[in-house]
Amino acid sequence: MIGRLYIIVSLVFLLGTSVLGELVAVNRIDGPGNDKFLHGPTVFFETFTLHTVGAVFLGVIPLMLGVALVVVPLQVGARRVAFPRAAAMSFWVFLVAGAMLVISYGIKGGPGGPSQRGTDLWAVAFAVVLLALLTATVCVITTVVALRTPGMTLDRVPLFSWSMVTAGAMWLLTLPVLLATVVLIFVDHHYGKLLFGANDNIYNRVVWAFHQPEVYAIAAPVLGFAGDVLAVTARVRHSLHKVAMGAIGLFCVLGFGAFTADLTVPNQRVLVNPQHTIIYAVMAFAAILPPLVLLALLGDTFRRGRAEGKPAASASALFAVGAFLLVTGGVLAGAAQSIWGLKLQGTLVDSAQAHFVLLGATIAMIGALHWWSTKILGRSLHDLLGLGGAALLVIGAAATAIADLFSGAIGSKAAGETAIAHGGIKVLNYVMAAGGIVMLVGFVVVVANLVGALVRKRDEVEPSDPWGGYTLEWLTASPPAPANFVEVPLVTSEAPLLDRREAQSAMEVPS
Amino acid sequence: MSLAHAHEGPITIDDIAADDDLLDADVLLPGPIPERPRVLLIGAGLASAGIVMAFATLIGIYIAARQSAVGSGHEWLKSGAIPLTGPNIALFTLLLSIVTMQWAVYSTANSDRQNTWLAVGVTVMLGAAFVNATTFIYTESGLSVHASTVGLLVFTITGAHLVVVAAAIVFLLVAAFRTLGTQDPAPGREAMAAAAVFWDTACAVFFVIWYAIYIIK
């Protein structure tokens, strides 16, 4: 139930921050000084920061945690999530703190906002949101580590659950750094602005959380989701499951972005320490490896599936492929950006790279809602509407990110986040704005699909396994009964349901 | 009526087919009780890791700010600004509390209620003494959160640590009441061990704070 609440609230916040992002994009078309909708000296920047902070910490990460709180216990054969009361507390605290965060902008607070008290409220609310998300993360990780069903060793854990464990571990190492920074921002801002100075400098202290390499730790569940969905779509066992797990783990490790939080150099997003530059570049190039490895493994899986004439397309597969390609594009953009000689740091390529990866993560989680809809909602979703929504979201995200990428590569080379928010080549700014509108339409289609499924009259019992899945969640009823499993199953591989089907087929073969 | 010998793990069809005793048995003895998953201990460990990272950030910022100030020729902390007596007493208080915490865990494992209550009580008292020592350091130091960067950082770091110690005390008390409220405290060893992990983390963090702030200054 708590997972479902997280999903609903995070979708609402995502819709709101997407609209704000579109306002920023439209406002940016004609460049600085030509504010169309966001009038006022600080309104544009406040809208921009609410879009970035809200999209990631009120939207994407809570959506991932919501899906994980429902799906992960089912995948590992647990009767419940670990620390259910703590998970419930984390949601309600997140809801209240998230509302406070939005309200702080309403009273002219937030980074760059003129109100002292509003900015203090922003810092406190942001810190509490982070605490809530970290609590939920501990619940998810502990579920996988401690509550797996007998026989499910860590190397047999499904890829989505594994990706949530590794991503969660990285969040536990990096988000406390952000939390400590925000606490210090509050104390400094409230008691005299001695350390970080005026409101304008606040965003620079937290912006590392929305850029590479930290975004890789946020987007790692995309790889796990794609791995789970595409193996079932191909109708064959996943190639080299342990190698895939290793690739996902490596991707998360390379998403340790806390070291890019340079908190002593004011007003600079660009890294100045040459050693950090080398580490940054090495990590950026190394991050290409995991998606490529997974691409190769998934390619091999599909090749074997096609050879047996099996693959069955679905909306979830389109979500998974689209999200995976977006994240891979972001990783490649990040690698290019890390080459110091190209001077791409501090340009719109930053924004493009973040858009590629974070939009990919959002699309993957919406795809996860589609894939696991019978478990999360107790209803199956309309596949055609799902296909339409997926196509619109992927196309819109690609247009948004690619427009920014070219704008940054060949256009303005402004330094500082505010200039980046204003910069860009006009034609490409139009493309970016159009991409945002396409995404919003796609989002509306997805929401319509979800609402339609919920209000639709239930004529028959929903299937427990609509996709022919391989992992334990497909054993449960739709929606799962209390305590999830009637009988705790014994697991002997990473695809227990496929094992069972193959054993049954072998028994049915006439001698 | 015959009894089968105790069998390790769940009994399968193959086990019964292979073992005549099992085949003949009228009553099968239950298998061993499955080991409880260490949920609380793992959760406490993860939370502790997060706390360590948060304080690593704060102390890192403190050290960087100090280096920047000293490097540009400014005075960071006046000589004698924070007398070492208070921080040393606080440190030794926490070191003692690590011992009493382990005493509590050991007593719980041995179902020794009296010693568990005593150990928990002494640990909580030592935690309260630490809080008292820290507030004494605040009054003795004369630092202000308004007036200087060093004051701001010292108050933020030590204040955050006080919050963690308070949380550790609450965690310990809850674990103790849950454990000692049952008929046999021994199964509650995991809760006490989890509280011990959290407590020890708070102590380890203070050791780093003591060295970085009070010794190096």
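## Lining of the largest cavity

In this predicted model, six helices of chain A each supply at least two residues of the lining of the largest cavity: H1 (2-27), H2 (43-75), H12 (348-371), H14 (383-410), H15 (417-422) and H16 (426-455). Helices here are DSSP runs (H or I, at least four residues), numbered from the N terminus, and strands are E runs of at least two. The biggest contribution, eight residues, is that of H12(A).

The lining has 35 residues, and those nearest the cavity centre are Gly21(A), His51(A), Ala55(A), His355(A) and Leu359(A). By class, 21 are nonpolar, eleven polar and three charged. Ala, Val, Leu, Ile, Met, Phe, Trp, Tyr, Cys and Pro count as nonpolar, Asp, Glu, Lys and Arg as charged, and the others, Gly among them, as polar.

## Cavity count and volumes

A cavity is a set of points, on a 1 Å grid over the protein atoms alone, where a 1.4 Å probe fits but cannot get out; lining residues have an atom within 4 Å of a point. Points are joined across faces, edges and corners, and the volume is the space filled by probe spheres set on them.

The second largest cavity has about 140 Å³. It is lined by 16 residues, with Asp228(A), Ala231(A), Tyr470(A), Thr471(A) and Glu494(A) closest to its centre. Helix H7 (residues 214-234) of chain A provides the largest share, four residues. This lining divides into eight nonpolar, four polar and four charged residues.

## Chain A overall

Chain A has 17 helices and zero strands. Of its 511 residues, 61% are buried (under 20% relative accessible area, 1.4 Å probe, protein chains only). Among contacts (heavy atoms within 4.5 Å) with a separation of 6 or more, 84% join residues 24 or more positions apart. The accessible surface (Shrake-Rupley, 1.4 Å probe) is about 18,400 Å², and carbon and sulfur atoms account for 70% of that surface.

## A helix in chain B

After H3(B) comes Gly73(B), with a positive phi near 85°.

## Conventions

Residues are numbered from 1 along each chain as its sequence is written, while chains are lettered from A and ligands numbered from 1 in the order in which they are written. Local features need pLDDT of at least 70, side-chain atom pairs count only at pLDDT 80 or more, and totals for chains, interfaces and linings use all residues, while side-chain values use heavy atoms, with hydrogens and water left out.

Notes
On a 1 Å grid over the protein atoms alone, a cavity is a set of points where a 1.4 Å probe fits but cannot get out, and a pocket is an open set with protein on both sides within 12 Å along at least five of seven lines; lining residues have an atom within 4 Å of a point. Buried means under 20% relative accessible area, exposed over 50%, partly exposed in between (1.4 Å probe, protein chains only).
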